[in-house]
Amino acid sequence: MAGYLILTIIAFSLIAFWIGRSAGNKFVADAQGTTVHSLPGYHGAFVAVWVGLPALVLLLLWLVFQDNVIDSLLLSSLPQSEIAGLTPAQLNLVMTEIKTVASGTIFGEPAPHIMQGAETLTRWRGIAGWAMVATSVCLMLLMLFFTRSRLSARFRARNQFEAVISGLMIFCSVAAILTTIGIIVSLLYESYAFFQLVPPHEFFFGLNWEPQIAIREDQVAGAGAFGAVPVFYGTLVIATLAMAVATPIGLFTAIYLAEYASERFRNIVKPILEILAGVPTVVYGFFAVLTVAPAIREAGTLMGLATSPNSALAAGGVMGIMIIPFISSLSDDAIRAVPRSMSDGSLAMGATRAETITRVLLPAALPGIMGGILLALSRAIGETMIVVMAAGLIATMTINPLDSVTTVTVQIVTLLIGDTAFDSPKTLAAFALGLVLFFVTLCLNVVALRIVQKYREQYE
Amino acid sequence: MSEQIKVKMRGENVCVHYGEKQALFDVNLDIGTNQVTSLIGPSGCGKSTFLRCLNRMNDTIDICRVTGDLTLDGQNIYDRAIDVVELRARVGMVFQKPNPFPKSIYENVAYGPRIHGLTRDKTEMDEVVENSLKRAGIWEEVKDRLDQPGTGLSGGQQQRLCIARAIATKPEVLLMDEPCSALDPIATAIIEELIDELRENFTIAIVTHSMQQAARVSQKTAFFHLGKLIEEGDTEEIFTNPQNKKTQDYITGRIG
Ligand SMILES: Nc1ncnc2c1ncn2[C@@H]1O[C@H](COP(=O)(O)OP(=O)(O)OP(=O)(O)O)[C@@H](O)[C@H]1O
Ligand SMILES: [Mg+2]
């Protein structure tokens, strides 16, 4: 029903557009002395928008509320003798049964009041559907009549139409912002609950992370400790390793691509490099576990070093490979965005190519390069899959890259997997970790944006 | 040109192609030592192109191809034995469009002396910077803001900064591509004075669109038209008694 109605609305809007435009055309044809304010197309668009949009909104609202309204009506129409004394959960069951019966799936022999309820439901749904169509069509006709009557030669159809469009755009951006705010609020709310159970100073300064506490009375588990320092420390270690791999490789790649490579070579290599960022992280994960980690372990054993099977080095190194393109692509763009006349000026002074790159191009491109590096860093901090698979779960305070470490994201995953209760500190800790992580990446992004802005100013 | 003038740079049968398009046709031109040679001609006739051949800046353009002989002190500058970096240190250039580095004013001028190791300590560098800025006639305007970015200067100030930058390296030959295009008459006069003064020690080639300027500063003038060198000779000769009809038309303002 709703599908047909949407088609009807579109058809009505088209008709409305045509009517509005014809009116506009007529104003233009009749214009004597007075000039027509807007082009005929705007008259059409104005009418169409005001016919289609309200009907669409009505349709959406109707669909959202129809089921609730019918449900409550149905509930009150059920015979009191059958539902007296039922708990809400049981009532819910009754309603579900009625709905399944109404949709045609009948198990066994339903009770008569269920059958009757299903019949009523089907009937009411039919009525509601037709009522929806009737109201929408009435609304559209009304709007058509009303907007058409407003059209005149001096009517500012263009401004009116553009106002509606800008309203739509505001609505869209507000929707995105509201989502973000919603996420932050829920994070804050849950974190607040967590800090009621675990004092903040323990979370922020505690050196012991053992979140596996008992959820039910009969479970055997540790007392639980929520010192987040080792977890953040692990993230720091992994991110540092990743950046240590990605920054030099990415930067040198960028310099080579921008300054030395031929145009053809660059056009082939750059997209291939960018594929690196598009490989699913799970694939990197098992590459790290199955190929890199054993190789590191073997090499470590050969040199007589104790190597954990899950080493930070494997995870950090593979993550570094993954984020190379962030650095190389953005730095390449930044270097190439430096005006040609800069390097010409330097070369003409008798500077070598290397001097030109290090003294003129890199400093001039630095903001763009920093932007790339920060982007790569926030990606490294937020990355989960590779670390889950390759780095381990135990929170240790170590700078030995051959040891296993754990990161914030991994802990969030493990805290929310398996037996969870939403009021235990174990689960709530995930939100606190998430909040801090969110805050850190937010700061990084703000810094990155700032730098990029400064960079824009320089060449405009 | 009188006989005792030594030839500093010489171009013989210089042809330049940008891809398929030929921009210079068999140009033969000498640049005399301690002289100012001005290149004049209508826009797009190949003046900048010829200038860029003299310090091989055309190498940086992929599609550009240079043929013919170009020599500096009798040595072919397109020879394999020539180090292009050293050549450009000897033959400096001021570009048509000012291109200060996005560094401080001080660092812009110190750039050349620094990469060539021309100074031993900070005081010496300060001296070179101050001296260069003074000679380019911009010292008074920037002496209080040497640490501010050179890109923040006005167009004409940038142009003078670029001149200061070029002379700080102390090249033997200085190529100037319309160095006064954005300057007011006073700054222009300062630059012209500078050119005259530099002539004592350097050799200068200057591209200009101003006939008066060419007449004022140069001893020799070369007139280009559509990629061909139409006429060259003593500036006085060219301006008072041009041999070619096109030259006459150009300097009297009928073409261009
Ligand atoms: N990088 C380039 N690529 C292709 N063609 C070029 C390039 N640079 C110059 N040309 C061409 O070579 C010809 C000569 O250009 P050139 O810059 O030498 O002119 P010009 O005499 O300096 O002109 P103006 O007085 O306007 O500066 C022009 O026709 C121009 O289109
Ligand atoms: Mg030019």
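User: What makes a contact in this predicted model count as a salt bridge, and how many does the structure hold?

Analyst: A salt bridge is a side-chain nitrogen of Lys or Arg within 4 Å of a carboxyl oxygen of Asp or Glu. By that criterion, the structure, which is a predicted model, holds 26 salt bridges over all chains.

User: Why is the contact of K99(A) with D71(A) called a salt bridge, and which elements does the pair link?

Analyst: The closest N and O atoms of K99(A) and D71(A) are 3.0 Å apart, which is within the 4 Å limit, and the pair therefore counts as a salt bridge. The pair links distant parts of the chain, since K99(A) lies in helix α4 (residues 88-102) of chain A and D71(A) in helix α2 (residues 40-77) of chain A, 28 residues apart.

User: Why are K99(A) and D71(A) described as partly exposed?

Analyst: K99(A) has a relative accessible area of 29% and D71(A) one of 21%. Partly exposed covers the range between under 20% for buried and over 50% for exposed, so K99(A) and D71(A) are both partly exposed.

User: How do you know whether R56(B) and D59(B), which form a salt bridge, are buried or exposed?

Analyst: The closest N and O atoms of R56(B) and D59(B) are 3.0 Å apart. R56(B) has 13% relative accessibility and therefore counts as buried, the cut-off being under 20%.

User: What makes D249(B) and K245(B) a salt bridge, and where do the two residues lie?

Analyst: Their closest N and O atoms are 3.2 Å apart, within 4 Å, so the pair qualifies. D249(B) and K245(B) both lie in helix α10 (residues 245-251) of chain B, 4 residues apart, about one turn of the helix. D249(B) is buried, at 14% relative accessible area, whereas K245(B) is exposed, at 54%, because the cut-offs are under 20% and over 50%. Elsewhere, salt bridges that share partners join R266(A), K270(A), D332(A) and D333(A) into one network.

Note on methods: Residues numbered from 1 in each chain as written. Chains lettered and ligands numbered in written order. Predicted model: local features only at pLDDT ≥ 70, side-chain atom pairs only at ≥ 80, totals over all residues. Heavy atoms only, no water. Buried < 20%, exposed > 50% of the residue type's maximum accessible area, 1.4 Å probe, protein only.
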